[in-house]
Amino acid sequence: MWKTIIRRILLMIPQILILSILIFILADFMPGDPFTGLVDPNLDPAQLDVMREAYGLNDPLPVKYVRWMKNALQGDFGRSFNYQQPVTAVIAGRMGNTIRLSLLSIILTYLIGLPLGILAGRYNESVLDKTVLVYNFVSFAVPIFVLALLMVWVFGYNLNWFPARGSISVNADTQWEKWMSQLYHLLLPSITTAILGTTSIIQYLRSEIIDAKVSDYVKTARSKGVPIQKVYTKHIFRNASLPIASGFGFTIVSLFTGSIFIEKIFTYRGMGYLFLQSINTRDYSVIFVLALFYGFLGLIGTLLSDVILMAVDPRIRID
Amino acid sequence: MATNKDAEAAVSSNDMTVSAPPMGFKVIVREFMRDKLALFSFILLVAILGTVFIWSFIIDQDVVQSVSLWDSYLPPMSMSEDPMFEGTRYILGTDSAGRDIFGLLLIGARNSLLLGWTVTVVTSAIGIVVGILAAYYAGLVDNIIMRIIDFITILPQLMIIIIFVTIVPNYNVATFAGILILFNWHGQARFIRGRALTVGRLDFISASKTMGTPSLVIMLREMMPNISSLIIVNLTLNFAGSIGLETGLSYLGFGLPTGTPSLGTLVSYATNPDILENKAWVWLPASTLILVLVLCINYVGRALQRAADAKQRLG
């Protein structure tokens, strides 16, 4: 297994390189450079040109790329000219918010998805199963931004059950109040994410359980006298949860990515919101690093998923 | 899609024998008759499409988009207060510039549907060609194609689309459609390749190869008809997906250019908390229409999917 993992990691290196080159070229197409915001507007344009030359901004693209890569390998990803801070500091400042939101969303997704999937599979063709199927269909079809808007409108503005925007209340004083306020702000966006996030969990669990019910190993277990409840918990659920395990790598990675739509609609200052802000302020160094980071996470997610699948199912060998 | 259905109907009428299993169009009709909700979705969808396309060509886009500041944010069913538009009743109210929401809704729906359909058809066409090529030639060709598809898959799709939208020079409807196509064909190609691989392994394909049938004929006349029902199903389901993606991007402000309103553009008024809370008539109809459209299209797609797979049919 370790051999496979190391080979997969080595294979990731060229993919990351291609990704970074592609995004670097895109970033180069964007107008403006780090001096656009840094430098005093009264400065002589000729002087600016000298500085550009000194910092190597007039160099050809490959030279710039190699220099950027050298700095990046040493942890220097450039500066945000909107925030006047290193890009890494800007991103790190937003990451906490996104991780909190994603963590709660993921927990809620599994809290809704697992029981519904198991019950629908176990009692299929029942009224409950049919209701779950309708919900499953709707959650697959509905675009997230429409649902999020309706949720904000109904529960945030009309019913006033939840705060409609932001990540923390300004009135929170003690540490405890701050935590509670943060949690309160997280609830509505994470419920919205969770409602739409359960689609594949329910679908896989339900169909796997329905298939497993008539399989030979279940018949064997039943005929040797294992109680039906135990067959479900010990035999069926373990096998049925394999497809879910295969997606778990992406779930872990999604902790860091967050959702552009959710963060925009709930005015929640996380990574997605930062991306939209950087696009609007043309903060290219941040956009570049964010896109690269998300692409990198995508690669890690694939790798993690395969590793988890290999770990939980010894029959599977991925090369 | 219509021609494909006709072709299937023609096939089924040709080999109609007493014991033959129902084929093509008849299966679809039967499936919809068994599932009343699917029939309802289909009728509703046709009604919406008919209304949107006929009405949006009748009304004058310039009149709908003309600004009248007297009429700013009139609630639904109110009369125009602008002497220029005297006697006009705004069924769904007006937006900030006094434009008729109902007219904007029709034009927006038309633009969203047309763009979504274009993107779906083109991505499917690319997906079919690439997918069948990869499945038929296998080996090196398949390897190269799959590595490219894998690479596009790991890209943060929404981000890259937004970046492209911001840096593309002379941005218009065509370039927007192009960007969406560029980052959406790979899913289709992967899906078609998977199905075509199964078909390609069947004996009749090998037999055809041994007899010296040209590759192009095998791909077009022998492999493609065998996955045609899947293509139709996929076309429907992706249509809903494309509408969702386009309206979402337009909502964020990175979709259809200004001057070409989309349903998402109308929804994006809700970015302003005041409009979101107090002037729901501006954004709620568009949101509802998006919901109804994607639900109907998806439900029809599911019924088609069942019809395409004998094991899942209700009838």
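Gln85(A) counts as partly exposed because 15 C-beta neighbours lie inside 10 Å; on this scale 20 or more other C-beta atoms within 10 Å make a residue buried, 12 or fewer make it exposed, and anything in between is partly exposed, with C-beta atoms placed from the backbone. The residue sits in strand β2 (residues 85-86) of chain A. Setting aside neighbours within four places in sequence, Gln85(A) is in contact with Arg79(A), Ser80(A) and Val90(A), a contact being two residues whose C-beta atoms, placed from the backbone, lie within 7 Å.

The model is predicted, so to speak of local features a pLDDT of at least 70 is needed, side-chain atom pairs count only at pLDDT 80 or more, and totals for chains, interfaces and linings use all residues. Residues are numbered from 1 along each chain as its sequence is written, while chains are lettered from A and ligands numbered from 1 in the order in which they are written.

Chain A has 16 helices and 2 strands; these are DSSP runs numbered from the N terminus, with helices (H or I) of at least four residues and strands (E) of at least two. Its C-alpha trace spans about 90 × 55 × 35 Å along the principal axes. Of the 319 residues in chain A, 33% are buried. Helix α10 (residues 216-223) of chain A is hardly covered, with 0 buried residues among its 8. After α10(A) comes Gly225(A), with a positive phi near 100°.

An unreviewed UniProt entry marks "transmembrane region" at residues 9-27, 101-120, 132-155, 183-205, 244-266 and 286-312 of chain A; UniProt positions follow the numbering used here, feature names are shortened, and annotations may be inferred rather than shown by experiment. Residues 183-205 of chain A are 96% helix and 0% strand, with end C-alpha atoms 30 Å apart. For residues 244-266 of chain A, the figures are 83% helix, 0% strand and 29 Å between the end C-alpha atoms.

Chain B comes to 14 helices and 2 strands, and 42% of its 315 residues count as buried. Its unreviewed UniProt entry gives "transmembrane region" for residues 37-59, 114-136, 227-245 and 280-301. One of these, residues 280-301 of chain B, is 100% helix and 0% strand, and its end C-alpha atoms lie 31 Å apart.

Where the chains meet, 30 residues of chain A are in contact with 28 residues of chain B. On the chain A side, α1 (2-29), α6 (127-141), α7 (144-158), α14 (260-265), α15 (271-280) and α16 (284-312) each supply at least two residues. That side divides into 25 nonpolar, 4 polar and 1 charged; Ala, Val, Leu, Ile, Met, Phe, Trp, Tyr, Cys and Pro count as nonpolar, Asp, Glu, Lys and Arg as charged, and the others, Gly among them, as polar.

The largest nonpolar core holds 125 residues, and among the members touching the most others are Ala148(A), Ile287(A), Leu105(B) and Ile161(B); such a core is a set of buried Ala, Val, Leu, Ile, Met, Phe, Trp, Tyr and Cys residues joined through C-beta atoms within 7 Å. Not counting residues up to four places away in sequence, Ile287(A) touches Phe275(A), Ser278(A), Ile279(A) and Ile163(B).
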